[in-house]
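Here's a quick tour of some side-chain pairings. Have the model open as you read.

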Amino acid sequence: MTRGGSLRRARHLALGLALAAALAAPLAAGSIPMVISDDAESRAISVVVRAGVTATRELPTDALRGARQRMNAGERLSDEDLRALAERWDGMAAKRYADRLAKQGRAKHASDLAYFYGIAAATGRAYALPDMIEAMGHLDAATEPAARMKHLISVLYPYAWAGNSAALDAVVEFNGEGKLFGALSEATRQRILDQAKSGNGRIELRLALDILSDDAAAPTDLARAREYLERAQGSKLLAVKTTAQNLLAYLDDKTAGRAAVKN
């Protein structure tokens with residue numbers, strides 16, 4: 001490839017990645033009715049995965065019932081009492097306990113934060129979901145207990161399939177080789193695309209960027225990235241459309257460069 005071609009390719013990639021970084025910002029801050037749009041309304045979509053404790057009488061001991069009554073009356077509970085209620089799937093207690101842990105260090109308590117914010121989200125508190133997702137970013141798939149991984153998946157996926165765009169972004173973010181959930185299965189990939197079909201192109205763009213970030217991506221993967229980008233360039237969002245167009249140009253140069261080397 002000529003020096004001019006290399007510079008052009010780098011310029012297309014830089015422009016595309018700069019815009020893509022802006023698009024990914026909501027996930028860092030915190031990812032169906034079939035429309036996927038990263039707006040406040042879609043991020044607020046709530047799902048009750050498990051009802052949890054809905055009445056004090058459901059708790060098995062006087063101590064737990066008393067603790068919940070005091071919490072509901074506005075009293076400050078000890079960490080031990082709050083955690084005990086949270087472990088019984090009291091969603092409000094789970095959120096409050098996780099908030100306390102977060103003040104002690106988010107990375108330090110990432111596993112507990114993901115777990116307890118996950119309980120809060122699972123009981124219908126969508127406002128806990130961004131904190132769960134943020135904590136998941138600190139987890140190590142090699143050391144995180146399998147039961148907790150299963151718990152996170154059981155919360156995140158129903159939110160994504162119900163239309164919560166933050167959850168769908170997170171499903172894309174955490175699936176893939178070397179990522180928290182491991183390699184993206186064909187079934188999950190297809191479900192993601194089905195959910196994004198009537199959306200604004202952000203999901204297709206993220207999927208394409210995952211492929212293009214790998215310099216050794218196979219030709220079949222690059223072809224798939226092209227499909228994603230062609231869908232994304234039809235977006236009504238100017239940032240998505242422009243990013244997709246720049247990355248398509250980058251992909252053209254990349255493909256041409258490989259062909260030139262082969263010849």
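Which side chains meet in a salt bridge at 3.1 Å, N to O? Those of arginine 202 and aspartate 169 do. The pair links distant parts of the chain, with arginine 202 in helix 11 (residues 202-212) and aspartate 169 in helix 9 (residues 165-174), 33 residues apart. Helices here are DSSP runs of H or I, at least four residues, numbered from the N terminus.

A word on the ground rules: this is a predicted model, where local features need pLDDT of at least 70 and side-chain atom pairs count only at pLDDT 80 or more, while totals for chains, interfaces and linings use all residues. Residues are numbered from 1 along each chain as its sequence is written, and side-chain values use heavy atoms, leaving out hydrogens and water.

A salt bridge means a side-chain nitrogen of Lys or Arg within 4 Å of a carboxyl oxygen of Asp or Glu. By that rule the count is 17, including these:

| Salt bridge | N to O distance |
|---|---|
| arginine 202 and aspartate 169 | 3.1 Å |
| arginine 231 and glutamate 204 | 3.0 Å |
| arginine 65 and aspartate 62 | 2.4 Å |

Now for burial (buried is under 20% relative accessible area, exposed over 50%, partly exposed in between, with a 1.4 Å probe and protein chains only). Arginine 202 is buried at 5%, and aspartate 169 is buried at 1%. Glutamate 204 is buried too, at 3%, whereas arginine 231 is partly exposed at 37%. Arginine 65 is partly exposed at 24%, and aspartate 62 is exposed at 62%. Arginine 65 and aspartate 62 sit three residues apart in helix 3, so about one helical turn separates them.

Technical notes: Helices (H or I, at least four residues) and strands (E, at least two) are DSSP runs, numbered from the N terminus.
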